[in-house]
Amino acid sequence: MKKDFYEILGISKSATPEEIKKAYRKKALEFHPDKNPGDAAAEENFKACAEAYEILSDASKKAKYDQYGHQAFDGGGGGGGHHMNMDDIFSQFGDIFGGGGFGGGFGGFGGNSGGQRRVKGSNLRIKVKLTLEEVANGVEKKVKVKRKIQAPGVKYKTCSTCNGQGQVLRVTNTILGRMQTAATCNVCGGSGQIIESKPANADGYGMIMEDETVSIKIPAGVVDGMQLKVSSKGNDAPGNGIPGDLIVAIEELEHEFLKREGENLHFDLYISFPEAALGVSKEIEAVNGKVRIKLEEGIQSGKILRLKGKGIPSLNSYGSGDLLVHVNVWTPKTLNKEQRVFFENSLKEENFIPHPEKGDKSFFDKVKDMFS
């Protein structure tokens, strides 16, 4: 036997419309599928509450029910004679959940009090070019964006096709019986509103193009090709819709001297024979200022000096990469007579003859170390 509608909602026959609404909201929140995932009993109770509310919230249906009970609706007259599905419940009673819902709205109908599905505007995409210094230190960029906004003075009204729900219910006959599905309203595009009046310069959706300067905070450590999102700076949506986002693609400009490899930087330092033999102090250009390094006398070509923390900051963790200085001893391409005599005399000098020690790594060893 079908349970009494007043008993389902936990109210008396003398309950006011406001009390009926309040009782239904309380019960619906208690048995809501989002709160009871996978609980079939809760889902059945949720549907029963909605069915009871459908009858008791309608004055004429309530009067019939009070007089004849469930038999007043046997045969499909609404309520007791049919079994409501979720789309039906959310589309009809979305406003009941108003401002106190789960995650801003039930059943995918957004967080607005009207229960409609809030349409989102389209995203915009731009490319921002950054120097290596900007990548390493982070930067705030101001860019001019052409975006669609609702024209001043545009007025919207509730779409009569979907009654402001943004969706229309379709019933089809299948071998399993009558199936009800929800589809986006093709008149209002899902916004639940259509234009009542608009300025002459607005398009068919009540939009105009406007230039806006958007400030984009770019964190240190981004990489070429990465995409950042600036919320709500895309195109507006009609009616009570929410704006799309601005998608920012990062393009990293090549540095004149420094080469990036992940969070590490590489710098080729060229020194002369005399500098290599005598030792020298050199100033290296790093991404956050110049760094002075001291090269010991007798330094070998191919030596790699690691400057800790002078690379690119890590985007997802603490610390920074390193700056790797590759020492290259420059061989002069031409010699004057005096220099030539000096080097010819030095050919058989003991200290000019290569004597690699076990501690001196070969080029192969250095490459192997870098990739291990």
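1. Which residues lie nearest the centre of the second largest pocket? They are C188, G189, S191, Y205 and P238, and they belong to a lining of 19 residues. A pocket here is an open set of points on a 1 Å grid over the protein atoms alone, where a 1.4 Å probe fits, with protein on both sides within 12 Å along at least five of seven lines; lining residues have an atom within 4 Å of a point. About 310 Å³ of space lies in this second largest pocket, the volume being the space filled by probe spheres set on the points.

2. A note on the source: this is a predicted model, in which local features need pLDDT of at least 70 and side-chain atom pairs count only at pLDDT 80 or more, while totals for chains, interfaces and linings use all residues. Residues are numbered from 1 along each chain as its sequence is written, and side-chain values use heavy atoms, with hydrogens and water left out.

3. The lining of the second largest pocket has nine nonpolar, seven polar and three charged residues. Strand β6 (residues 193-197) gives the most to that lining, with three residues. Strands (E, at least two residues) and helices (H or I, at least four) are DSSP runs, numbered from the N terminus.

4. Buried means under 20% relative accessible area, exposed over 50%, and partly exposed in between (1.4 Å probe, protein chains only). β8 runs antiparallel to strand β9 (residues 246-252), and four bridges join them. In this pairing V230 stands opposite L246 of β9.

5. Helix α2 (residues 17-31) has 15 residues, so at 1.5 Å a residue it should span 21 Å; its end C-alpha atoms are 21 Å apart, which agrees. The buried residues of α2 include I20, A23 and Y24.

6. The count of aromatic pairs is seven. Rings of Phe, Tyr and Trp (its six-membered ring) pair if their centres lie within 6.5 Å; planes under 30 degrees apart count as stacked, over 60 as edge-to-face and the rest as tilted. F273 and F343 make a tilted pair, 6.1 Å centre to centre with 50° between the planes. F273 lies in helix α7 (residues 273-278) and F343 in helix α8 (residues 337-346), so the pair ties together parts 70 residues apart in sequence. F273 is partly exposed at 36% relative accessibility, and F343 is partly exposed at 26%.

Terms used
Two strands pair if DSSP finds at least two bridges between them. The expected span of a helix is 1.5 Å times one less than its number of residues. Ala, Val, Leu, Ile, Met, Phe, Trp, Tyr, Cys and Pro count as nonpolar, Asp, Glu, Lys and Arg as charged, and the others, Gly among them, as polar.
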